[in-house]
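These are my notes from a look through one structure. I wrote them for a reader who has not seen it before.

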Amino acid sequence: MAIDIGAAEVSYLEHRGVHRGIASWVLSTDHKRIGILYLTSLLSFFAVGVLIGILMRLELIAPGETLVSARVYNSMFTLHGMIMIFLFIIPGIPAAFGNFFLPILIGAKDVAFPRLNLLSWWVYVAGATLAVLSLFSGGGAPDTGWTFYAPYSLRTGTNVTLAVFAAFVLGFSSILTGINFVTTIHRLRAPGMSWFRLPLFVWSLYATAWVQVLATPILALTLMLVMLERIVGLGLFDAARGGDPLLYQHLFWIYSHPAVYIMILPAMGVVSEIIPTFSRQKIFGYKAIAFSSLAIAFVGYLVWGHHMYTSGMSDTARWVFSLLTFLVAVPSGIKVFNWVATLYKGAIDLAPPLLYTLSFIFLFMIGGFTGLISGALATNLHIHDTAFVVGHFHYVMFGGTGFMLFAALLYWFPKMFGRMVPARPMWLAWLLMFIGFNALYFPMLILGWMGMPRRYYDYLPRFQPLNVVSTAGSWVLALGLAVFFVTLWRARRHGEIAPANPWGGSTLEWQIASPPPVENFERIPVIERGPYEYGEIPPVE
Amino acid sequence: MGPVTSYSTAAVDSVLVFIVAVSMVFLLGLTIAMVVFVVRYGRRRHPRPEEVRQSIALEVTWTLIPTVLVLAMFFYGYAGFTLIRSPPADAMVINVLGRMWDWSFEYENGKQSDLLRVPVGEPVRLALHSADVLHSFFVPSFRIKEDVVPGQENFLWFKPEGLGTADVFCAEYCGTEHAFMMSTIEVMEEAAFEEWYATLDRLEDHPAYQVMDDVGCFFCHTVDGTIEGGPTFKGLFGKARRVVRDGEEVEVMVDRDYLRRSILDPAAEVAVDWDADMPEDAAEDLTAEQLEEVLDFLEIVR
């Protein structure tokens, strides 16, 4: 059964609108162009974040001063965190791939509010500019860690006020995108695209968008209060003025824990697209996966206190948060079981997108299991604020979301740019990244258990051997990243011309031309089947 | 010989072993399943996918089993935690002061130390205080940690098993020299500890103490933290404080220079929230040498 979408028109890349040159991008309201804008900007910031990360690892290759002073190192981990979290991974998959593919996947011509969509990119750029400005003005780059814990953040002479304002502005970009996606999914589904015919990536974007809309305002408020504390000495968080440092931590994590799910849920959505396509198998447990996204988004609101087991909050609060934390592990487990079950009796093509996806599952499991160690009360008291936690969240955020962002790039690149990505260099990039990643972060888990605290510029000699392994791992990982992105960059111009459906996918984006026409569908399609029916699509050789 | 352990070490380690063991079963099982499926159902060997029926039974199974397992992990972690959070009533209480960037310890008899010396086998309860920002008292070999929060007293307790030393780190980022904020716990024989503990390096024995008592400093300033007419000397040295200088509020470090200025010319820089009512001639009777001794004294009152 072919889906009637009318005749192809000119692709979004070649379309000549009212603007020319760069303006045809930065003033475009086309969700696809905005997706590319986001992709370009966030990958640029990713490169900066990686560079800072490599320098930090180099500093830690030996105890004592290797490269920079303690003061500079402290600013480096602050910047690395701010850039990677606020500028790369939170916008990440939703802003780049969500923008590009959400309307196509539900059979719409654009998002519900195209201009708001462009505005959210501009707000993102404004926030990013402020963040960069904060490095070079006032007292210099902030040195508080990305968490801005009071009262240190209130008394440091560095430019925390502007950096916090930058994060405040970035929050609005996130909220606008969230509102846009929720509305789009409710209002713009094509005829016949019922809720349970939505591709699972859309479900994950839907859950994520609600978290963005409901949680981000709390961050905005909290950051505004930090600014007021610094500027007028409000005294909410500073014990010296009768405030409570723990209040800041509660407010901060009420947003920042759900934010972790903003980061990981869309990545899980991409997994649920790639596995069916490359195993030519209907996804196992569609509803279980869809509802587990909602469950994660909901329970994710209630576990913020697990960042605070050692903070001095009541023992009752500690065990309640621990219990809830263990419950939130279950829906993630359900997803993994269903993904693996989808492979069963399929016709599996281990092409690069699937390879990266299966690596995601492996690395994410390690991230999840180390999360259990962090979530249990007794063990948390030991590993909290150590290198173990740093290793744990890099397994989740980089091994998880990062690898899935790469997988999404490999999967959708032919659709976005109309060119195929050569597979061999991507196997090499995978090998380097997989080895480098584990060499970089696994030693941190052991170091943390041995007792090395995080955010440490210097360490005792007994921690050195594993730090050397970790630093060497960062070089291998960086090499893998270089192979990956150079290959993509070359493929953009020199790759083979991509057909409309190179992977034999069954979702709507594969039924239109590569790259997609300006308005996606000449005629809005009528949907008569679920998203993962492969029986009718001939296999790709 | 490794570092000293506490009763809590084994309790925490057993929780780790349990979680890691269960996790390894799942990690290996699922990874092997992925590899086997990819090989067994590779497209070349298995070109036609076979329909697999959705299974409610399977969904329920892999929801319930993990739920039971994570609840077991929760309870196991909770049990260890309860132990760590229940100090015996007869534990020796030691006050810990964390500040940017060192630790100091004060015992029940007023003895002060930069090292945490404790007798072997005796329960010790630490009362954690911060002079400035957040810190965290972390003893890796005891597997315990608790934040040190300004304006709030948190606690930890431990019971060392065996003689030797254990590292103390600050685990909550606290500024430039966070990584250098370390100390050591030294576990001693009961007798050796008692001997050390009894030799009180009392403030009253300091040469400056009598001088200051004669001058009358202690009418308004205390050395034990209580507030009389003026700020207490305890913990004053090395802190940043806001003062009014020439009608303007500025921040100064309390160092020897600042203290010398304040003694010689009390009204020049008055701490915010205090009236400028210290006598102008307070230091009149002090010789230059005595003044330096007083500064030495103020440096150690913490």
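Is Leu251(A) buried, partly exposed or exposed? I find Leu251(A) partly exposed, at 22% relative accessibility. (Buried means under 20% relative accessible area, exposed over 50%, and partly exposed in between, with a 1.4 Å probe and protein chains only.)

**Ground rules.** This is a predicted model, where local features need pLDDT of at least 70, side-chain atom pairs count only at pLDDT 80 or more, and totals for chains, interfaces and linings use all residues. Residues are numbered from 1 along each chain as its sequence is written, chains are lettered from A and ligands numbered from 1 in the order in which they are written, and side-chain values use heavy atoms, with hydrogens and water left out.

I placed Leu251(A) in helix α9 of chain A. (Helices, H or I of at least four residues, and strands, E of at least two, are DSSP runs numbered from the N terminus.) Leu221(A) is 30 residues from Leu251(A) in sequence, and their C-alpha atoms are 8.7 Å apart in space. Leu221(A) also belongs to a nonpolar surface patch, together with Met224(A), Leu228(A), Ile231(A), Val232(A), Leu234(A), Leu236(A) and Leu247(A). I noted about 690 Å² of accessible area for these residues together. (Areas come from the Shrake-Rupley method with a 1.4 Å probe, and for residues only the protein chains shown count as cover.) Patches are made of residues with over 30% relative accessible area and no salt bridge; like charges are joined within 9 Å, nonpolar side chains (Val, Leu, Ile, Met, Phe, Trp, Tyr) within 5 Å. Helix α8 (residues 200-232) of chain A gives the most to this patch, with five residues. Met224(A) sits in helix α8 of chain A and is partly exposed at 35% relative accessibility.

**Salt bridges.** I counted a salt bridge where a side-chain nitrogen of Lys or Arg is within 4 Å of a carboxyl oxygen of Asp or Glu. The count over all chains is 23. In chain A I looked up Glu533(A) and Lys282(A), which form a salt bridge at 3.7 Å, N to O. Glu533(A) lies in the segment after α16 (464-494) of chain A and Lys282(A) in the loop between α9 (245-279) and α10 (286-299) of chain A, so the pair ties together parts that are 251 residues apart in sequence. Glu533(A) is partly exposed at 26%, and Lys282(A) is partly exposed at 45%.

In chain B, Arg242(B) pairs with Glu249(B) at 2.7 Å, N to O. Arg242(B) also forms a salt bridge with Glu251(B), at 3.4 Å between the closest N and O atoms. Glu251(B) is exposed at 52%, while Arg242(B) is partly exposed at 35%. I also found a network of salt bridges linking Arg256(B), Asp257(B), Arg260(B), Glu292(B), Asp296(B) and Glu299(B).

**Confidence in chain B.** The mean pLDDT (the predictor's confidence in each residue, from 0 to 100) is 89 for chain B, and 98% of the residues score at least 70. Confidence in chain B is lowest in helix α4 (residues 207-215), at a mean of 82, and highest in strand β7 (residues 135-139), at 96.
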